[in-house]
Amino acid sequence: MNLLLISIHYPPYKSSCAVQMRDLAEQLLVDGHKPTVIVPDQNIKTSWTLEKKNGINIYRLSSPKIKDVNFFRRAINEIFLSLYMIIALRKTGLDIKSFHGVIWYSPSIFFGPLIWYIKKKSKIKSYLILRDIFPEWALDLGLLKKSPLYYFFKLAAQFQYYVADSIGVQSVSNLKYLSKLKKRKDKKIEVLNNWLKDSIKTKSSIKINKTKLKNRKIFIYCGNMGVAQGMDIILDLAVLYRNDKSKGFLFVGRGSEVGRLKTIVKKKALENIIFFDAINSSELDDLFKKCHIGLVSLDPRHKSHNIPGKFITYMRSGLPVLAKINKNTDLEKIINSNNVGRVYSGYNVKDFFVMSKKLIENESERLIMSKNSVKLNKIFFLSSIATKKILKTFTYNRKVF
């Protein structure tokens with residue numbers, strides 16, 4: 001099948017979205033299909049560019065600035081994202097009618113008009129990979145109020161649900177947000193777990209043994225550091241470890257909160273924390289082998305359930321998890337039922353400290369969790385599993401190919 005893949009990020013950009021969409025495209029290619037990727041690019045000086053990497057055509061379409069900007073500026077620019085991309089897409093000469101299906105990743109919630117345009121031109125079915133329930137989570141975190149802006153965002157989200165034939169959410173509890181759609185016979189709503197492809201592994205550019213954390217047991221946080229992650233309790237945890245020279249904290253990634261977090265670390269003179277920018281996903285396995293605990297943190301005001309991409313990367317490398325998340329979430333059930341780490345859902349950092357200390361100092365327990373993590377990843381979180389599920393949306397038309 002000729003399949004069109006659309007997302008807001010794609011390598012070389014380093015994000016969970018970029019990595020997952022690359023892994024999805026490469027797995028589809030392995031499975032005998034022909035994926036073509038379309039991605040907005042705020043840095044190109046022409047309407048569009050075409051590159052071919054690992055056998056996949058990647059069309060980069062000119063767009064307004066949507067990366068490394070504040071929440072409101074990004075929102076405004078994303079509103080016009082589909083329009084920019086439609087104009088640029090028309091200039092590429094790409095034959096939309098040659099495709100058998102379109103797959104897109106949300107966030108962004110503003111791809112709806114672009115998908116509608118593609119479907120109108122080609123009469124193909126579509127699959128929405130829905131990773132964030134927006135704007136609900138922004139409402140939970142106080143970033144939005146029930147204002148006209150909130151309802152505008154909600155309308156945009158509803159429109160992308162409207163144009164999707166199938167929608168894959170990342171956890172069972174997210175299904176309730178789409179309960180009305182689930183009753184419709186023309187919509188297929190299902191759980192689509194996050195995924196990672198077993199890619200080529202390279203040496204990490206981060207050399208822990210050449211930093212002040214040398215010879216320490218390492219708590220690592222790898223991924224986005226934004227408002228939604230609620231990182232303050234991780235810093236509070238590091239404060240309680242400040243006099244323990246055998247433990248250290250490594251933060252790897254980017255996000256809107258990085259600057260603020262660095263300021264707090266400097267102000268409190270925390271010598272047990274080091275920040276690094278995001279690295280290539282191929283380097284993560286090597287880096288994680290030098291760490292002891294993978295940290296997951298989500299703001300407790302979140303009501304929608306989330307299975308972060310960082311959790312999957314930890315599982316793939318066999319890194320036990322320490323998660324600070326809400327009680328009774330899908331992620332808590334996954335971690336506890338499979339014994340791949342520990343979950344703290346309270347608000348007392350001293351209790352969190354006690355849990356973390358027991359885990360990082362119990363090597364035999366961590367070894368069991370490590371083995372369980374690798375096993376769990378192979379059962380639920382491989383890209384080959386995701387592609388099989390997604391492709392069922394397009395099999396209705398298989399006799400045409």
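**Pocket and sheet in a predicted model**

Q: What volume does the second largest pocket have, and how many residues line it?
A: R22, E26, K53, N54 and S281 lie nearest the pocket centre. The lining divides into eight nonpolar, six polar and eight charged residues. The volume is about 510 Å³, and the number of lining residues is 22.

Q: Which strands are the edge strands of the open sheet?
A: Eight strands form the sheet, with mixed pairing. Their order is β3-β4-β2-β1-β5-β6-β7-β8. An edge strand here pairs on one side only; these are β3 and β8 (188-191).

Q: By how many degrees are neighbouring strands of this sheet turned against each other on average?
A: The figure ignores strand direction. It is an average over neighbours in the sheet. The value is 20°.

Q: Which residue in β8 is the bridge partner of I167?
A: β7 covers residues 166-169 and pairs with β8. The sense is parallel, over four bridges. The partner of I167 is I189.

Q: What angle does helix α3 make with β4, and what angle does α6 make with β6?
A: Helix α3 (residues 81-92) packs on the sheet and touches β2 (34-41), β3 and β4. Helix α6 (residues 148-163) lies across β5, β6 and β7. The angle of α3 with β4 is about 125°; that of α6 with β6 is about 135°.

Notes:
Residues numbered from 1 in each chain as written. Predicted model: local features only at pLDDT ≥ 70, side-chain atom pairs only at ≥ 80, totals over all residues. Heavy atoms only, no water. 1 Å grid on protein atoms, 1.4 Å probe; cavity = no way out; pocket = protein on both sides within 12 Å on 5 of 7 lines; lining within 4 Å. Points joined across faces, edges and corners; volume = space filled by probe spheres on them. Nonpolar A, V, L, I, M, F, W, Y, C, P; charged D, E, K, R; others polar. Pairing = 2+ DSSP bridges. Helix = DSSP H or I, 4+ residues; strand = E, 2+ residues; numbered from the N terminus. Axes fitted to C-alpha atoms, helices over the stretch in contact; angles between N-to-C directions. Contact = heavy atoms within 4.5 Å.
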